Amino acid sequence: MALQQRDPQPRGAAAPTGLAAGERWFLDHGLPYFVDGVRARVERGLRRGRLVAVAVTAALLAAVTFGVALPLSDRYVAGAAALTAVGVVVAGYALATLRIWLWLRWATGKTFSSLGLMVPLVARALPMLMLFITFLFINAEVWQVAARLSGGVMWTAVLGFAAAAVGFLLFRLPEEVDALTAQLDRETVAGACAGTPFVRFAGAVGRIEDLPPPTRLERANLVLVLLASQAVQVLLLSVAVFAFFLGFGLVAIPEEVVTSWVGVAPTSAVGELSWELVRVSVFLAAFSGLYFAVYAVTDETYRRQFFTGVTDDMEKALATRCAYRAALRP
């Protein structure tokens, strides 16, 4: 069909109708890979030859960065710089070719709209976290380790915690997508399509099993949207933990105690705020982010509080996809 080959209308064009309005809805809700035209271009960008070229470019840039940074610093800083260079190459290719910016735009809007969740999120999650990690904060060994971490090692540790959290979520979130897909029926589709451009096509949905299942890219899009939503919550909580420990450390940990723990007088960063306190706070905030990422998905209480709204959005996405696919059937 011609619809499958054309691009969705750009933002600012005349208001689309019918399936074009549905495609615009997908783009505005961070689901670009649900649109056939966008998905076809992304699939071309994921061909093996292009991915090999990106990998070679990233490896060469990482090697050059490591070679330039090593004489100017230690191997940890150089390694962190090389990893950052790889991330820049991959992110640049993703933004330019894989249309990641389409769901990043949604994630950015989701971030600002989620700022109102900061108070209830912190009020519910922070006390349990404090019971777990406050004892680490007043532990001399933790201060000794964190205070001696160079900037490169600290950055690598934070990246490690973030990578562990992302890896765990990428392992668990596809299971959430499978569960939501299995729960779809005609009544669910009709209810979820209400208030969307797909409401007129919901009646065309027959048996869900007769529709083509989500492709790998569509499943990846759903997982990325779930990941972005969880990342917003984890980021908000980590910032709150960081701010809490900065304030708690300034009030409760005097300079002479820090000196006895780390063996040297603390180095001032801003006023009475020491670099040792900043490093410990950053380290524990990153660890708290990993802890919360795991707990929010596995603990039933946290799932009800922080995850239900996200899965409701994903159920709506799967339901509208069913209406979209039904409308495209000959």
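The buried residues of α5 are Ala78, Ala80, Ala82, Ala85, Val89, Tyr93, Ala94 and Thr97. Buried means under 20% relative accessible area, exposed means over 50%, and partly exposed is in between, with a 1.4 Å probe and protein chains only. Helices are DSSP runs of H or I, at least four residues, numbered from the N terminus.

This is a predicted model, so local features need pLDDT of at least 70 and side-chain atom pairs pLDDT 80 or more, while totals for chains, interfaces and linings use all residues. Residues are numbered from 1 along each chain as its sequence is written, and side-chain values use heavy atoms, without hydrogens or water.

Back to α5. Just after α5, Arg99 has a positive phi of about 60°.

Now salt bridges: a side-chain nitrogen of Lys or Arg within 4 Å of a carboxyl oxygen of Asp or Glu. The count is six.

Take Asp36. Arg39 bridges to Asp36, closest N and O atoms 2.8 Å apart. Both sit in helix α3, residues 36–45, three residues apart, about one turn. Arg39 is buried at 10% relative accessible area. Asp36 is buried too, at 7%.

Arg325 also forms a salt bridge with Asp36, at 2.8 Å between the closest N and O atoms. Arg325 lies in helix α14, residues 300–328, and Asp36 in α3, so this pair ties together parts 289 residues apart in sequence.

Technical notes: Helices (H or I, at least four residues) and strands (E, at least two) are DSSP runs, numbered from the N terminus.
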